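These are my notebook entries on a structure I looked through.

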Amino acid sequence: MRKFLIAGNWKMNKNYDEALQLARAIQQRAVNEKKINIGVFVPAPYLREMSLESPDLIVGAQNIYWEQYGAFTGEISPPMLRSLGISWTLIGHSERRALFGETDEDVNRKTVAALKHCFFPIVCVGETLSQREKKTTLDIIGKQVKELFYEIPADMARSVTVAYEPVWAIGTGKTATPDDAEEVHAYIRMIITSLYGREISDEVRILYGGSVKPSNAASLLKMRNVDGALIGGASLNKEDFISICDTAVSIDKREGK
Ligand code: PGA
């Protein structure tokens with residue numbers, strides 16, 4: 001059984017005091033929570049404090065670089081994050097790809113570097129609106145997923161979480177229908193099975209992201225291959241985020257699996 005992971009991606013939001021308040025509220029919700037994992041991906045300057053303050057949360061970085069040390073102004077390396085006690089990171093979010101020019105190859109290099117330093121990376125894939133309209137969604141996703149796993153051995157692949165985030169659904173209020181999301185999630189799992197076999201593909205969590213909110217979380221999380229959510233906008237509001245966590249706890253998929 002894959003446990004749900006409900007993760008907030010705060011992006012470049014909240015000043016320090018606001019962030020601390022939000023983290024505290026979510027930490028309180030996470031105490032004694034055994035059924036699901038709850039995570040927050042916070043701005044880099046807050047990582048150390050948030051992880052110390054939030055022992056029951058996964059506290060992760062929003063980005064990571066593939067080199068270890070050196071002349072790479074502004075970048076943060078896997079060993080640096082590890083030295084802060086951080087072992088989770090997002091990789092290849094569509095904003096990184098679109099605004100900062102990250103390619104599938106960069107995403108793979110980051111994933112390999114993160115795994116070598118024993119991280120649990122959440123690697124994002126997703127098609128644009130025009131790709132969906134041209135009906136090339138599965139081709140695009142297939143390529144992104146194969147490239148992210150390029151040269152990653154099976155024993156490391158199991159530490160990866162994939163997040164399916166259709167670009168047209170991020171921050172737009174538009175969400176993939178549960179059936180559309182399930183189609184892509186099942187396809188991603190099939191590719192992972194073809195690369196690593198059933199045992200590993202059964203283990204890898206595939207999150208959905210893109211305008212997840214309290215009103216649509218249940219219908220998405222009920223889908224067989226949806227193992228959690230990566231949430232932007234709604235994760236900045238403690239009531240909304242906690243309500244999505246509560247929804248996840250209330251869903252029992254054991255019979256369907
Ligand atoms: P959203 O963002 O929930 O605001 O659509 C999701 C994401 O970018 O991870």
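**Salt bridges.** I looked up the salt bridges in this predicted model and found 16. I then followed one group: R97, D104, K143 and E147 are linked in a network of salt bridges.

I checked the accessibility of both partners. D104 is buried, at 15% relative accessibility, and R97 is buried as well, with a relative accessible area of 16%.

D104 also forms a salt bridge with K143, where the closest N and O atoms are 3.3 Å apart. I located D104 in helix α5 (residues 104-116) and K143 in helix α7 (residues 137-148), so this pair ties together parts that are 39 residues apart in sequence. K143 counts as partly exposed, at 46% relative accessibility.

I next looked at the salt bridge between the side chains of D227 and R189, which meet at 2.7 Å, N to O. D227 sits in the loop between α11 (214-221) and β8 (228-231), while R189 belongs to helix α9 (residues 178-196), so the pair ties together parts that are 38 residues apart in sequence. I recorded D227 as buried at 1% relative accessibility and R189 as buried at 6%.

**Cysteines.** How many disulfides does the structure hold? I found zero. C124 is in no disulfide, and the nearest cysteine sulfur, that of C245, is 18 Å away. I noted that a disulfide would need the two sulfur atoms within 2.5 Å. I also looked up how far each cysteine is covered. C124 is buried, with a relative accessible area of 1%, and C245 is buried, with a value of 0%.

**Largest pocket.** I looked up the volume of the largest pocket, which is about 600 Å³. Its lining comprises 25 residues, and M12, Q62, N63, R96 and F100 lie nearest the centre.

**Nonpolar surface.** Lastly, I looked for a nonpolar patch on the surface. Y69, I76 and M80 make one of about 290 Å². I placed Y69 in the loop between β3 (58-60) and α3 (78-83). Is Y69 buried or exposed? I recorded Y69 as exposed, with a relative accessible area of 56%.

Key. Residues are numbered from 1 along each chain as its sequence is written. This is a predicted model: local features need pLDDT of at least 70, side-chain atom pairs count only at pLDDT 80 or more; totals for chains, interfaces and linings use all residues. Side-chain values use heavy atoms; hydrogens and water are left out. Patches are made of residues with over 30% relative accessible area and no salt bridge: like charges are joined within 9 Å, nonpolar side chains (Val, Leu, Ile, Met, Phe, Trp, Tyr) within 5 Å. Accessible areas come from the Shrake-Rupley method with a 1.4 Å probe; for residues, only the protein chains shown count as cover. A salt bridge is a side-chain nitrogen of Lys or Arg within 4 Å of a carboxyl oxygen of Asp or Glu. Helices (H or I, at least four residues) and strands (E, at least two) are DSSP runs, numbered from the N terminus. Buried means under 20% relative accessible area, exposed over 50%, partly exposed in between (1.4 Å probe, protein chains only). On a 1 Å grid over the protein atoms alone, a cavity is a set of points where a 1.4 Å probe fits but cannot get out, and a pocket is an open set with protein on both sides within 12 Å along at least five of seven lines; lining residues have an atom within 4 Å of a point. Grid points are joined across faces, edges and corners, and a volume is the space filled by probe spheres set on the points.
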